[in-house]
Amino acid sequence: MSDPYRLAVITASVRPDRIAPTVTRWFLRHLAAHTDAAVDHLDLAALDLPGDLGGGADAERFTKRVERADAFVVVTPEYNHGYPGPLKTAIDTPYEQWRAKPLGFVSYGGASGGLRAVEQLRTVFAELHVVTVRTGVLIPNVHDAFTTDGELRDPGPARAALAEMVGQLDWWTRALARARQERAYAG
Ligand SMILES: Cc1cc2nc3c(=O)[nH]c(=O)nc-3n(C[C@H](O)[C@H](O)[C@H](O)COP(=O)(O)O)c2cc1C
């Protein structure tokens, strides 16, 4: 594994008036204080992935970027107690390129802070042999959570969770990279 490791940050919402960029920008700004990982930002709104109605011009490029990553963070809202459909398309586009790598969550929504979306995603990623880290960053009541300059009004809990999550990601990234180097993961 190269040092610093490569962290792919995936922004899941593709809605035209999404709040996702505010959340992702906040995360990336504070992430830098806890790791020197080289970030590759994969914004699903900017990618053409294969859907039921065709498309998919970026499928190969997306798969390559997942392959190059040593670890992942998914920034996701909660929609009807689930996660966005385009995120499922993105997850289903690569396959073994996800394997034996760690992943953390930044989630947001109403009172639950996106927790139900995250719990569903843990089962999906388990199927792909992705190790999801325990601590996630939750941003409840997201539409009231940010000041106009993009900081959290109550930064304490989310900043503490971010530091903890990045510590867990860092540990798993190095452990799994070493293990993958020693022996190919058989699945
Ligand atoms: C179709 C839809 C369903 C939603 N369902 C939930 C929900 O079940 N739980 C929740 O906490 N928030 C829910 N919300 C609120 C969203 O989490 C909130 O609008 C958030 O801004 C969405 O992220 P985005 O703006 O980046 O797309 C829903 C929003 C939409 C558009």
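I worked from a predicted model.

**Helix α6**

I started with α6, which runs over residues 155-182 and has 28 residues. I checked its span from first C-alpha to last. It reaches 40 Å, close to the 40 Å expected at 1.5 Å a residue. Next I listed its buried residues. Among them are Ala-158, Leu-162, Met-165, Val-166, Leu-169 and Leu-176. Thr-173 is also on that list. I found the helix α1 (20-31) and the strands β1 (6-11), β3 (71-77), β4 (102-108), β5 (131-132) and β6 (137-139).

**Ligand site**

I counted 17 residues around the ligand. Ser-13, Tyr-79, Asn-80, Tyr-108 and Gly-110 come nearest. By type, the shell divides into 6 nonpolar, 7 polar and 4 charged residues. I went through the polar pairs next. A polar backbone atom of His-81 is 2.9 Å from an oxygen atom of the ligand. For Tyr-108, an N or O atom of the side chain is 2.7 Å from a ligand oxygen. For Gly-110, a backbone N or O atom lies 2.6 Å from a ligand oxygen. I also noted the cover: the ligand alone exposes 610 Å², and the protein buries 76% of that.

**Glu-67**

Where does Glu-67 sit? I placed Glu-67 in helix α2, residues 59-68. Its relative accessibility is 44%, so I logged Glu-67 as partly exposed. Leaving out residues up to four places away in sequence, Glu-67 touches Gln-97 and Lys-101. I also checked His-34. Glu-67 and His-34 are 33 residues apart in sequence and 24 Å apart in space, C-alpha to C-alpha.

Conventions. Residues are numbered from 1 along each chain as its sequence is written. This is a predicted model: local features need pLDDT of at least 70, side-chain atom pairs count only at pLDDT 80 or more; totals for chains, interfaces and linings use all residues. Side-chain values use heavy atoms; hydrogens and water are left out. Helices (H or I, at least four residues) and strands (E, at least two) are DSSP runs, numbered from the N terminus. The expected span of a helix is 1.5 Å times one less than its number of residues. Buried means under 20% relative accessible area, exposed over 50%, partly exposed in between (1.4 Å probe, protein chains only). Contact means heavy atoms within 4.5 Å. A residue is near a molecule or strand if one of its heavy atoms lies within 4 Å of it. A polar contact is a pair of N or O atoms within 3.5 Å; within protein, one must be able to donate a hydrogen and the other to accept it, and residues adjacent in sequence count only if both atoms are side-chain atoms. Accessible areas come from the Shrake-Rupley method with a 1.4 Å probe; for residues, only the protein chains shown count as cover. Ala, Val, Leu, Ile, Met, Phe, Trp, Tyr, Cys and Pro count as nonpolar, Asp, Glu, Lys and Arg as charged, and the others, Gly among them, as polar.
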